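Here is a colleague's note to read beside the structure. Please keep the model open and find each residue as you go.

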Amino acid sequence: MYKEGKYTEAIEKYKKAIEKKPPQARICDVRINLSLAMIKEIDDSFDYNTTYNQLEKAKTNLYNNNCANKKDNSGYSQDAENLEEEIKKLQDELKNSSDTNDKEQENSQEQNQNQEQEDYSDIEEELKKIEKNSNSSRQSDMATYENMGDYSYYSGKKW
């Protein structure tokens with residue numbers, strides 16, 4: 001299953017193999033294969049937390065049955081210890097890339113806010129021009145209507 005790229009199915013098979021309680025010499029090989037399948041199952045579309053948690057599960061799997069040791073390299077399997085170190089490196093890279101992405105997102109958001117403020121300033125200036133033209137036009141109309149209100153040419157009632 002693993003070689004065919006069917007990592008989810010491979011994970012299930014490895015978990016079933018562990019449930020059968022193989023001998024200590026064999027259990028570490030199964031746990032290493034399980035952790036490798038868990039790592040391979042990580043998809044590029046996963047977010048930071050999902051990816052980090054999947055790596056953490058793969059690493060924790062190696063600690064079971066003391067295949068790898070959390071504190072030092074005294075686990076039963078050197079291969080498990082090596083894989084644990086690789087997982088730690090992957091987690092560090094993930095953190096670093098996440099920090100970089102966070103900074104890029106902050107910069108992008110700041111640029112967007114600055115652009116929005118500039119856009120609002122442009123809109124405010126346009127609105128002021130329109131208001132000024134409108135006031136000017138209104139004053140002109142009012143002057144025209146005042147002159148028409150004279151009614152000196154009309155001898156009838158003025159309402």
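By about how much of a helix are tyrosine 48 and tyrosine 52 separated in α3? Point 2 gives the answer, after a few words on how to read the model.

1. **Reading the model.** This is a predicted model, in which local features need pLDDT of at least 70, side-chain atom pairs count only at pLDDT 80 or more, and totals for chains, interfaces and linings use all residues. Residues are numbered from 1 along each chain as its sequence is written, and side-chain values use heavy atoms, with hydrogens and water left out. The chain has 4 helices and 0 strands; helices (H or I, at least four residues) and strands (E, at least two) are DSSP runs, numbered from the N terminus. Read from the N terminus, the order of elements is α-α-α-α. Of the 159 residues in the chain, 23% are buried, where buried means under 20% relative accessible area, exposed over 50% and partly exposed in between (1.4 Å probe, protein chains only).

2. **Two tyrosines in α3.** Tyrosine 48 and tyrosine 52 are 4 residues apart in helix α3 (residues 48-63), so about one helical turn separates them. Their rings also form a pair: searching the whole structure gives 1 aromatic pair. The ring centres of tyrosine 48 and tyrosine 52 are 5.9 Å apart and the planes lie at 25°, so this pair is stacked. The rule takes rings of Phe, Tyr and Trp (its six-membered ring) as a pair if their centres lie within 6.5 Å, with planes under 30 degrees apart stacked, over 60 edge-to-face and the rest tilted. Tyrosine 48 is partly exposed, at a relative accessible area of 32%, whereas Tyr52 is buried.

3. **The rest of α3.** The buried residues of this helix also include Leu55, Ala58 and Leu62. Does the helix length agree or disagree with what its 16 residues should span? At 1.5 Å a residue, α3 should span 22 Å, and its end C-alpha atoms are 23 Å apart, which agrees. The expected span is 1.5 Å times one less than the number of residues.

4. **The disulfide.** Counting pairs of cysteine sulfur atoms within 2.5 Å gives 1 disulfide. Cysteine 28 and cysteine 67 form it, with sulfur atoms 2.3 Å apart. The torsion about their S-S bond is about -95°, so the disulfide is left-handed. Cysteine 28 belongs to helix α2 (residues 24-40) and cysteine 67 to the loop between α3 and α4 (78-148), so the bond ties together parts that are 39 residues apart in sequence. Both cysteine 28 and cysteine 67 are buried.

5. **Helices α1 and α2.** The axes of helix α1 (residues 7-19) and α2 come within 9 Å and cross at roughly 155°. Axes here are lines fitted to C-alpha atoms, for helices over the stretch in contact, and angles run from 0 to 180 degrees between N-to-C directions. The two helices are therefore roughly antiparallel; angles under 35 degrees count as roughly parallel, over 145 as roughly antiparallel, 65 to 115 as roughly perpendicular and the rest as oblique. Isoleucine 11 is in α1 and counts as buried at 6% relative accessibility. Its C-alpha atom is 5.7 Å from that of leucine 34, although these residues are 23 apart along the chain. Leu34 is among the buried residues of α2, along with Ile27 and Val30.

6. **Two backbone angles to check.** Most residues other than glycine have a negative phi, and most peptide bonds are trans. Lysine 21 is not a glycine, yet its phi is positive, about 55°. Lysine 21 lies in the loop between α1 and α2 and is exposed, with a relative accessible area of 70%. Asparagine 65 is not a glycine either, and has a positive phi of about 60°. Asparagine 65 lies in the loop between α3 and α4 and is partly exposed, with a relative accessible area of 35%.
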